[in-house]
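Work through these exercises with the sequence and the 3D view side by side. Try each task before reading its solution.

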Amino acid sequence: AGLLSSSCCAIQLALNLLATLSVARVGCAGFNKVLGPWRQPLRYASCAWLVVLWAHGARRAWPSKQLLLSTSTFVALAFLPELLLMTGGPALAPPAEGHTRYEIQIRGMGCEACQSHVRRILDGSPGVFASKVDLDTGTASLVVHEQWGFNLTALAQRLLQDGYELVKTTNIQTNPVESSVEHRKDSGEL
């Protein structure tokens, strides 16, 4: 029971995989909206239960392989949301002049797995060479280059296919002179 708050991330990842394979397009299943606030208390309860299991297992000489499997499963599932956030590194692309930065609002993200899936959609879109998705605000920052084939309408359709809705787009900056790498170094963004 203690893993419910984070194992939903694993379920959402499976749903995202089905969407990527064009088997089912579900979008966010909404697990985090219900279970997210309970994440910390459920983790503490799970840790306490594991301590009891280890203490009981030590007294009764239970096989340590089973306890190690239970503990590893707990750690993997309990910290899956944080792992997803840590592994979502920046997209790599050559420096380019003439980039445009967009702030977009996306409806439908409910957990870290959704955030990661939306980020993959953005990064996989032609012309996008940097993106950052914020689950808490439901926004994303994109650095794009139209000459590389960026198409906002196609991006909105792709997001919609996977259950996410592009609600609002704001063109923040067009910079024909400065390269994207210099911009990222100077501002500390993307």
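**Exercise 1. A loop tryptophan**

Is Trp62 buried, partly exposed or exposed?

Solution. This is a predicted model, in which local features need pLDDT of at least 70, side-chain atom pairs count only at pLDDT 80 or more, and totals for chains, interfaces and linings use all residues. Residues are numbered from 1 along each chain as its sequence is written, and side-chain values use heavy atoms, with hydrogens and water left out.

- Step 1. Take the cut-offs: buried means under 20% relative accessible area, exposed means over 50%, and partly exposed lies in between (1.4 Å probe, protein chains only).
- Step 2. Trp62 has 35% relative accessibility, so Trp62 counts as partly exposed.
- Step 3. Locate Trp62: the loop between helix H3 (39-60) and helix H4 (64-78).
- Step 4. List its partners, leaving aside neighbours within four places in sequence: Leu53, His56, Gly57 and Leu67. Contact here means heavy atoms within 4.5 Å.

**Exercise 2. The overall layout**

Solution. 

- Step 1. Helices (H or I, at least four residues) and strands (E, at least two) are DSSP runs, numbered from the N terminus.
- Step 2. The protein has eight helices and four strands.
- Step 3. Of the 190 residues, 38% are buried.
- Step 4. Take the contacts between residues at least 6 apart in sequence: 72% of them join residues at least 24 apart.

**Exercise 3. Salt bridges**

How many salt bridges does the whole structure hold?

Solution. 

- Step 1. A salt bridge is a side-chain nitrogen of Lys or Arg within 4 Å of a carboxyl oxygen of Asp or Glu. A search of the whole structure finds four.
- Step 2. Glu103 pairs with Arg101 at 3.1 Å, N to O. Glu103 is partly exposed at 23% relative accessibility, while Arg101 is buried at 10%.
- Step 3. Arg107 pairs with Glu165, with the closest N and O atoms 3.1 Å apart. Arg107 lies in strand E1 and Glu165 in strand E4 (residues 165-175), so this pair ties together parts that are 58 residues apart in sequence. Arg107 is partly exposed at 48%, and Glu165 is partly exposed at 36%.
- Step 4. Arg119 pairs with Asp123, with the closest N and O atoms 3.3 Å apart. Both lie in helix H6, four residues apart, about one turn of the helix. Arg119 is buried at 14%, whereas Asp123 is partly exposed at 27%.

**Exercise 4. Gly108 and the cysteines**

Where does Gly108 lie, and how many disulfides does the structure contain?

Solution. 

- Step 1. Gly108 sits in the loop between strand E1 (99-107) and helix H6 (112-123).
- Step 2. Gly108 has a relative accessible area of 22%, so Gly108 is partly exposed.
- Step 3. Gly108 and Leu166 are 58 residues apart in sequence, and their C-alpha atoms are 9.1 Å apart in space.
- Step 4. A disulfide is a pair of cysteine sulfur atoms within 2.5 Å. The search finds zero.
- Step 5. Cys47 is partly exposed at 36% relative accessible area, whereas Cys114 is buried at 0%.
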